[in-house]
Amino acid sequence: MDWKEVLRRRLATPNTGPNKKKSEQELKDEEMDLFTKYYSEWKGGRKNTNEFYKTIPRFYYRLPAEDEVLLQKLREESRAVFLQRKSRELLDNEELQNLWFLLDKHQTPPVIGEEAMINYENFLKVGEKAGAKCKQFFTAKVFAKLLHTDSYGRISIMQFFNYVMRKVWLHQTRIGLSLYDVAGQGYLRESDLENYILELIPTLPQLDGLEKSFYSFYVCTAVRKFFFFLDPLRTVNYIRLYGHQIRKIKIQDILACSFLDDLLELRDEELSKESQETNWFSAPSALRVYGQYLNLDKDHNGMLSKEELSRYGTATMTNVFLDRVFQECLTYDGEMDYKTYLDFVLALENRKEPAALQYIFKLLDIENKGYLNVFSLNYFFRAIQELMKIHGQDPVSFQDVKDEIFDMVKPKDPLKISLQDLINSNQGDTVTTILIDLNGFWTYENREALVANDNENSGDLDDT
């Protein structure tokens with residue numbers, strides 16, 4: 001009989017005998033005792049069928065609470081010991097030099113050009129001599145990955161060594177970033193990444209000239225690029241820590257993108273001026289962006305109003321677009337701080353990138369429907385037409401521009417343009433420029449004349 005039915009019948013049986021009627025509390029206590037007894041018997045009867053549950057490993061460990069100081073310290077120490085052990089497993093400089101010596105000693109003839117090669121047999125011999133730490137690199141899978149068109153079935157020693165170096169660097173960087181992962185869950189919060197970059201600055205010779213007073217602005221500028229491109233939604237990737245919601249990005253995503261390469265490129269003391277100008281993390285680039293912000297801040301209150309932001313770039317962005325910026329982006333009493341400004345700059349300077357298009361698309365989607373229709377396009381282009389009149393130009397027909405935009409994008413739905421349509425078309429930067437910036441639209445509208453003019457100028461230079 002089911003234990004629930006036994007309990008129900010037992011409770012339904014009236015009290016008999018010389019004893020007085022039991023109180024309500026006594027009845028509740030008896031009910032609990034009976035429930036515990038019958039449930040335990042029922043559970044025990046199923047013991048054999050549930051035995052395999054004991055073999056399932058524990059996969060969830062809750063984070064220590066804010067007041068559990070001892071558990072927090074234990075977690076931090078155990079993670080530190082784990083990361084130190086992982087660090088010791090990596091090849092050091094001496095071991096890398098020894099590996100290169102062994103590879104060079106076992107190169108396989110014939111020599112073609114200047115490239116030293118090695119076949120699979122010698123590859124395995126080196127693997128045996130190189131030691132336990134190198135074992136993971138000397139596999140058939142790695143050899144096959146690096147095998148290309150050599151008619152003797154060999155791989156390039158230099159390519160293999162660079163592969164090993166890259167793997168070691170990735171693991172070293174992963175360990176270095178993990179030391180700043182306070183929660184220990186494979187993510188970095190904004191403050192964690194700020195601490196990492198702040199401590200990295202003294203190791204980058206190209207940043208030696210930075211004033212210490214500028215460090216906080218440099219760190220803010222650098223960190224913002226990571227979060228803008230690796231967390232473009234800005235509202236989804238949050239981690240709950242001690243009751244607070246905090247923005248974060250995966251360490252794996254940081255390692256997979258090229259931003260760390262750009263940042264660590266600043267270790268090169270002979271980095272060219274051209275490379276520095278195109279590197280967001282360089283001192284000239286950071287000073288340029290911050291200098292623009294200060295120049296726009298006419299009232300020197302450390303914030304930008306809509307009027308101040310309107311002077312950005314060529315000062316030809318439409319008021320309608322700027323209104324949307326201040327409606328959708330984080331502001332303080334209607335003014336924009338430096339972090340919000342950085343998002344704005346990153347979006348406008350990288351309009352071909354999906355994250356930048358996502359930022360601008362959200363501003364263009366005035367009805368919050370997830371797509372742009374004829375109404376949306378007309379709403380923004382009308383402001384372009386008004387600016388054209390102010391500057392004494394003949395306004396262009398919206399119908400013509402609308403048809404051109406739909407022809408460029410070729411959306412799945414002929415009446416709607418989604419964000420994915422914009423990204424897939426590879427014309428997102430052109431479309432967004434047409435709708436938000438008079439100078440950008442003028443450049444697009446006169447693109448053929450500008451190309452012809454450039455060709456004429458280059459022809460004149462050739463003649464001279």
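Over the face of which residue does Arg447 lie? Arg447 lies over the face of Tyr444, at 4.0 Å from the ring centre. A charge counts as over a ring if NZ of Lys or CZ of Arg is within 6 Å of the ring centre and within 35 degrees of the ring normal. Lys248 is placed over the face of Tyr187, at 3.5 Å from the ring centre.

The structure is a predicted model, in which local features need pLDDT of at least 70, side-chain atom pairs count only at pLDDT 80 or more, and totals for chains, interfaces and linings use all residues. Residues are numbered from 1 along each chain as its sequence is written, and side-chain values use heavy atoms, with hydrogens and water left out.

The protein chain holds 23 helices and 7 strands. Helices (H or I, at least four residues) and strands (E, at least two) are DSSP runs, numbered from the N terminus. Of the 464 residues in the protein chain, 40% are buried. Buried means under 20% relative accessible area, exposed over 50%, and partly exposed in between (1.4 Å probe, protein chains only). Contacts are heavy atoms within 4.5 Å. Among contacts in the protein chain with a separation of 6 or more, 61% come from residues 24 or more positions apart.

Helix α18 spans residues 374–390. Its 17 residues reach 24 Å from the first C-alpha to the last, close to the 24 Å expected at 1.5 Å a residue. The expected span is 1.5 Å times one less than the number of residues. After α18 comes Gly392, with a positive phi near 75°. The buried residues of α18 include Leu377, Phe380, Phe381, Ile384 and Met388. The buried residues of α18 pack against several elements, including α15 (319–328), α17 (354–364), β6 (371–372) and α19 (398–409).

Aromatic pairs number 27 in a search of the whole structure. Rings of Phe, Tyr and Trp (its six-membered ring) pair if their centres lie within 6.5 Å; planes under 30 degrees apart count as stacked, over 60 as edge-to-face and the rest as tilted. Tyr290 and Tyr338 form an edge-to-face pair, 5.3 Å centre to centre with 85° between the planes. This pair links distant parts of the chain: Tyr290 sits in helix α13 (residues 283–296) and Tyr338 in helix α16 (residues 338–349), 48 residues apart. Both Tyr290 and Tyr338 are buried. Phe381 and Phe398 form a tilted pair, 6.3 Å centre to centre with 40° between the planes. Here helix α18 supplies Phe381 and helix α19 supplies Phe398, 17 residues apart. Phe381 is buried, at 0% relative accessible area. Phe398 also counts as buried, at 11% relative accessibility. Ring pairs also build a cluster from Phe214, Phe217, Tyr290, Tyr293, Tyr312, Tyr338, Tyr341 and Phe344.

The salt bridge count comes to 18. A salt bridge is a side-chain nitrogen of Lys or Arg within 4 Å of a carboxyl oxygen of Asp or Glu. Arg224 bridges to Glu190, with the closest N and O atoms 3.0 Å apart. Arg224 lies in helix α9 (residues 215–230) and Glu190 in helix α8 (residues 190–200), so the pair ties together parts 34 residues apart in sequence. Both Arg224 and Glu190 are buried. A network of salt bridges links Glu190, Arg224, Lys339 and Asp343. Asp231 forms a salt bridge with Arg247, at 2.8 Å between the closest N and O atoms. Both Asp231 and Arg247 are buried. In the bridge between Glu68 and Arg62, the closest N and O atoms are 2.9 Å apart. Glu68 is partly exposed at 22% relative accessible area, and Arg62 is partly exposed at 47%.

Backbone geometry is considered last. Most residues other than glycine have a negative phi, and most peptide bonds are trans. A cis peptide bond joins Pro109 and Pro110, with omega about 0°. His300, not a glycine, has a positive phi of about 55°. His300 is exposed, at 67% relative accessibility. Ala315 has a positive phi near 60°. Ala315 lies in the loop between α14 and α15 and counts as partly exposed, at 44% relative accessibility.
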